[in-house]
Amino acid sequence: MTVDPRLSINQATIKRADLATALRVTADAGVQAIGLWREPVNEVGLDTAARMLTDSGLRVTTHCRGGFFTVPDGAARVAALDDNRRAIDETATLAAAGAEGSTAILVLVAGGLPDGSRDLVGARERVRDAIGELAPDAAAAGVTLAIEPLHPMYVTDRAVVSTLGQALDIAADFDASVVGATVDTFHVFWDPDVHTQIARAGREGRIATYQVCDWKTPLPADVLLSRHYPGDGVIDFASLTRAVEAAGYTGDIEVEIFHADIWAADPAEVVRRTASAFGEVVSPHLSAALDSA
């Protein structure tokens, strides 16, 4: 099987694998890139993780995750901002350690409504304010902060930013090289305005990363674990991928899956199946494939 050179395995897809295993099975499958998560990186330490990444020969595409700064002013907010600054430093270090073509992109998940609050607008403004505090640090480190809108079912506990338009409205206050957006099919496919907003993101130079996985109902009791292999659900990868390509995005494309059964499977087999699914439903709609058709 030929593996698409733009495929990146987001480490969440093989969540139960430690960093060494994740790097090994990704490279062994012929995949050239990986998106990392902070927890397995911090388990081994940043310096060790950077050396392991260099030795793997893989590009790093994103670091997950920063954000969670909707809490009001106080010690918790200060701690969240400090943790995001550490995440920015980690992102820069890992991007420097990865193979040529690595990108220093920190994915931001905004955070949900604070306990007892119903003020979505105010919470989004705190997201904007927090990014304003972090933007100088990101710029100095050469890191792009990629705001990720999450499906509205996560608005209370994970992300008050629910649409790509909302993410772009926040990003508009900042230089596009410093603050962009994550386009994740799982979170945005339902939005009737998504194609307009993808085009807008392209015009503004703000598509920092493109992530794919599928949506299928019924959802499990834990809706966080409701993502599927591309092609196993209802998402129209053709139109979304073509829209992202038309918007000028030429970077790597991550598959990011949260699913209990997939996490329990052999990570090497998960990577192989991910690469196969990507080749079937995403690759045909990329510009290189279209140009050669």
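Biologist: Why does tryptophan 215 count as buried?

Modeller: Its relative accessibility is 11%, and buried means under 20%, so tryptophan 215 counts as buried. Note that this is a predicted model.

Biologist: Why is phenylalanine 189 called partly exposed?

Modeller: Phenylalanine 189 has a relative accessible area of 23%. Buried requires under 20% and exposed requires over 50%, so phenylalanine 189, at 23%, is partly exposed.

Biologist: Why is the pair of phenylalanine 189 and tryptophan 215 called tilted?

Modeller: The ring centres of phenylalanine 189 and tryptophan 215 are 5.5 Å apart, and rings pair if their centres lie within 6.5 Å. The planes stand at 50 degrees; stacked needs under 30 and edge-to-face over 60, so this pair is tilted.

Biologist: How many aromatic pairs does a search of the whole structure find?

Modeller: The search finds four. One of them is formed by tryptophan 37 and phenylalanine 258.

Biologist: What makes the pair of tryptophan 37 and phenylalanine 258 edge-to-face?

Modeller: The angle between the planes is 70 degrees, and planes over 60 degrees apart count as edge-to-face. The distance is 6.0 Å centre to centre, and the limit for a pair is within 6.5 Å. Tryptophan 37 belongs to strand β2, while phenylalanine 258 is in the loop between β10 and α10, 221 residues apart. Both residues are buried. With Trp263, they form one aromatic cluster.

Biologist: What makes β2 mostly covered?

Modeller: Five of its five residues are buried. Ala33, Gly35 and Trp37 point one way from the strand, and Ile34 and Leu36 point the other way. In general, side chains in a regular strand alternate between the two faces of the sheet.

Biologist: How do you know that β1 and β2 pair?

Modeller: There are three bridges between β1 and β2, and pairing needs at least two. The sense is parallel. Serine 8 stands opposite alanine 33 in β2.

Biologist: What do the strands build together?

Modeller: Eight strands, in the order β1-β2-β3-β4-β5-β6-β7-β10, form a closed barrel with parallel pairing. On average, neighbouring strands of this sheet are turned by 30 degrees against each other, direction ignored.

Biologist: How do you know that the span of helix α5 is close to what is expected?

Modeller: Helix α5 has 22 residues and reaches 31 Å from its first C-alpha to its last, against 32 Å expected at 1.5 Å a residue. There is still a kink of about 40 degrees at leucine 134, shortly before proline 136. Buried residues of α5 include Val127, Ile131 and Leu134; among the elements covering the buried residues are α4, β4 and β5.

Biologist: Why does phenylalanine 68 count as partly exposed?

Modeller: Its relative accessibility is 30%.

Key. Residues are numbered from 1 along each chain as its sequence is written. This is a predicted model: local features need pLDDT of at least 70, side-chain atom pairs count only at pLDDT 80 or more; totals for chains, interfaces and linings use all residues. Side-chain values use heavy atoms; hydrogens and water are left out. Helices (H or I, at least four residues) and strands (E, at least two) are DSSP runs, numbered from the N terminus. Axes are lines fitted to C-alpha atoms, for helices over the stretch in contact, and angles run from 0 to 180 degrees between N-to-C directions. The expected span of a helix is 1.5 Å times one less than its number of residues. The bend at a residue is the angle between axes fitted to the seven residues ending there and the seven starting there. Buried means under 20% relative accessible area, exposed over 50%, partly exposed in between (1.4 Å probe, protein chains only). Contact means heavy atoms within 4.5 Å.
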